[in-house]
Amino acid sequence: MDSKTIEYPVIWLQCATCTGCLISILNSVSPTIKNVLIDEVIPGKHVNLRFNATVMAGAGDLAIAIAEETVKKVKGGYLLIVDGSIPTAKNGVYGSIGERNHQPVSMVERVIEFSRDALAVMAVGTCATFGGIPAAAPNPTGCQGLKELLESKGIKTPVINVAGCPPHPDWFVGTVASLLLSGLPSADQLDDFGRPLTFYGKLIHENCQRRAYFDEGKFAKKHGDPGCLYELGCKGPITYADCPTRLWNTGVNWCVGSGGGCHGCTQPEFPDLVSPLYVKTIEIETAPNKL
Amino acid sequence: MGKIVIVPITRIEGHLKIECLVENGIIKEARSSGMLFRGFEIILRGRDPRDAQIITQRICGVCNVCHAMASTFNLDSAFGLADKIPDNGRIMRNLAAGLHVVQDHILHFYHLAALDYVDVTKVAKYEGSDADLNSIKAFIGRGELGPFVPRYEGDYRLPDDVDRAAVSHYVKALEIRRKGHEAVAMLTGRIPHTASIVPGGMAEVPTVDKIASILWRLNELRSFVDNVYLPDVLAVAGVYSDYFQIGAGCQNLLAYGAYDLEGKNPDYTRRQRLFQQGTISADLKLQPLDLSKITEEVRHSWYESNTSKLHPSTGKTVPADEKSGAYSWLKAPRYGGRVYEVGPLAQMVTTYASGNPKVKSLVDSTLAHFKATPAALFSVLGRHAARALAAKYVADAMGEWLLQLKPGEPTFVPYELPEEAQGVGIIDAARGALGHWIEIKEKKIANYQCVVPTTWNASPRDDSGTPGAIEQALTGTRVKDEANPFEIVRIVRAFDPCIACAVHLITPKGNELGRFRIY
Ligand code: SF4
Ligand code: SF4
């Protein structure tokens, strides 16, 4: 059986990130993260994570060398995963990953260099997909999402956007599994923002458990109240993700379930165009408030 | 003099570089630098103050609950609510923070630090029936060992059986910390980046089914801490006992305290907390906490010298790229002008010195196990042991808190957003003392400053030239094999650095070698 295993080399670059994406993905249940990294996540296919600075054993040049070697030796055959926004201001001075000839190599340089020959690039999290919080006004570091950056450099490697701040582990694992099972997604499997429709095809508001309250005009006035959270700033009406049906953390709860409301974390609008987060900023027609 | 440069330091949160000058095998000088700037305080300016707790959580996805807590304490204090949070809200926040911290300590030991001591490849010789170990054996057999090699070689000392047990616990710990996260999410909606910790209390409400379900996840965490985590720390410490003598550091400890046992005192520095606030040194004499003694010094950081020694509430960040003698983008926080270490060691030693009987017995019995005195706590292994004991202490406290929750009673108190106000929020996060300061003008954020644990620990030299806590812990250490500098990474990782937190405020450019540095 071992001889038949196909190894899929993966390089995971962490740019202007808070590491929340990785921590979220560690919470994957079936398969577990151990199934993904150690076992054959799909029979006969093994995800071979060569470089990820948060989990790997090696450090320093030793660690960087393995990533550089993979890019050279497996040209066109490795998957590049990027989390975090990419600081592009002042030639990328705001973030670097490792050194070459005693000079730091900027994140933007690494991303470009590693993207060119990748089979595909997966942007994980709203920072990597759309810029996210580091790119919020006044965007002091010139942060950009991956797709925007690669397009500006004329790099044609396909990009898959797994948005979310952070993304649900299923969105990540499901997208990886689909790559292994059926190759790159076709255009009709992604939405206008490059997100897999399987996970980002429906509005939060369409499937929300509090939707009946919304329809009846029962709106919560303060935190802890029952009722729809629209008047407390919920961004469910403009946000695409399957949180209301998938639920979070092994299905125990989710943002609207907890009374906090949806902050629109999977959207290109996050955070500037959905701020202030606890104020009604989306105007839609509602029934008169009955609470 | 030789130089050892390690960049990136892996298995920590964020982008860190460590540079050591070594003479005759001894580290003469050490420098630590963060390598990423995102500018959170700049991004926060002008926003609705209530958004601070959502945005500052994104400073760090590993310790996001602690940022949510510091931020809501800060907003509570600015909004005049610090003494008005309903008990349900206070207790739910304690539980969210405590459950989060316990799983974070487990994550640190098994998934970040353990690979410095545990040799995964030994599982290749395993002959037994443990399914996890056999799957890892099959993985090794396929010959593609990423992410476990390459690595430093030559100092994996655990006996085969202890080693294999640790590897199987590495896998088990993934599951346990996920359950810890599930328990947090029941209180906060989801994690990382929670939705329901808000100024005024909590948006979530307690229900009996949630209480029971959290209780049984907590029981699993407690059982893991008692029967797996603590024994593994003791086993590793027994074999690597020389690391009780390595990495003493500055021996000044600072703690903000954590987990409010009452909510009526608006002054967080005097509030009764499960972990004690205060400062302490090797003499083990506890001193009261005085936040006015905190300053941030910038002589060796790339900031205008005239902004040095400011208190965080009036902190300024004016980059000075060409400043000579500077070598870091982190400021140097100091307390009364002196270097302080923060973290679980500080939390346990201050609480120990306060006479707390539970913590005294935990610490004393651990020291007795190694026939050691409290001086041994100031070391690489002392920090790991303190972290594990801190996990046990808070895990044991939480069962009672759960039963104090009152379904049906409020968790939240309504408030008006003030026109102008100032606030402060302090808490001991998983990695140590975390403080947020806010100034509100015209109902908007005029200034927001965070002084985070890793800035204390990984700070550069201060105005008087005294190196930071990690730099001091490295200095004087013998590196046995410069090609495999285990000592350096073990010392650094014992502090559990979190660089995303530490360098949220730094600016780009330059170092003393005149090379163009990128951070
Ligand atoms: S506004 Fe928010 S809480 Fe209300 S129904 Fe829509 S998604 Fe649900
Ligand atoms: S409910 Fe909204 S804020 Fe919460 S995870 Fe889903 S998309 Fe993000």
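Analyst: Helices (H or I, at least four residues) and strands (E, at least two) are DSSP runs, numbered from the N terminus. This is a predicted model, in which local features need pLDDT of at least 70 and side-chain atom pairs count only at pLDDT 80 or more, while totals for chains, interfaces and linings use all residues. Residues are numbered from 1 along each chain as its sequence is written, chains are lettered from A in the order in which they are written, and side-chain values use heavy atoms, without hydrogens and water.

User: Where is B:Gln251 placed, and what is its phi?

Analyst: Most residues other than glycine have a negative phi, and most peptide bonds are trans. B:Gln251 lies in the loop between helix H7 (208-239) and strand S6 (252-260) of chain B, and its phi is positive, near 60 degrees. A:Asn139, likewise not a glycine, has a positive phi of about 40 degrees; its loop runs between helix H6 (125-130) and strand S8 (143-144) of chain A.

User: How is a pair of packed helices described?

Analyst: Two packed helices are described by the angle between their axes and the distance between the axes. Axes are lines fitted to C-alpha atoms, for helices over the stretch in contact, and angles run from 0 to 180 degrees between N-to-C directions. In chain B, helix H8 (residues 344-353) and helix H9 (residues 357-369) pack at about 115 degrees, with axes 8 Å apart. Contact means heavy atoms within 4.5 Å; B:Met348, B:Thr351 and B:Tyr352 of H8(B) are in contact with residues of H9(B), including B:Leu362 and B:Val363.

User: How many residues of chain B are in contact with chain A, and how many salt bridges are counted?

Analyst: In chain B, 79 residues are in contact with 88 residues of chain A. A salt bridge is a side-chain nitrogen of Lys or Arg within 4 Å of a carboxyl oxygen of Asp or Glu. Five salt bridges are counted between chain B and chain A; A:Glu40 and B:Arg142 form a salt bridge at 3.9 Å, N to O.
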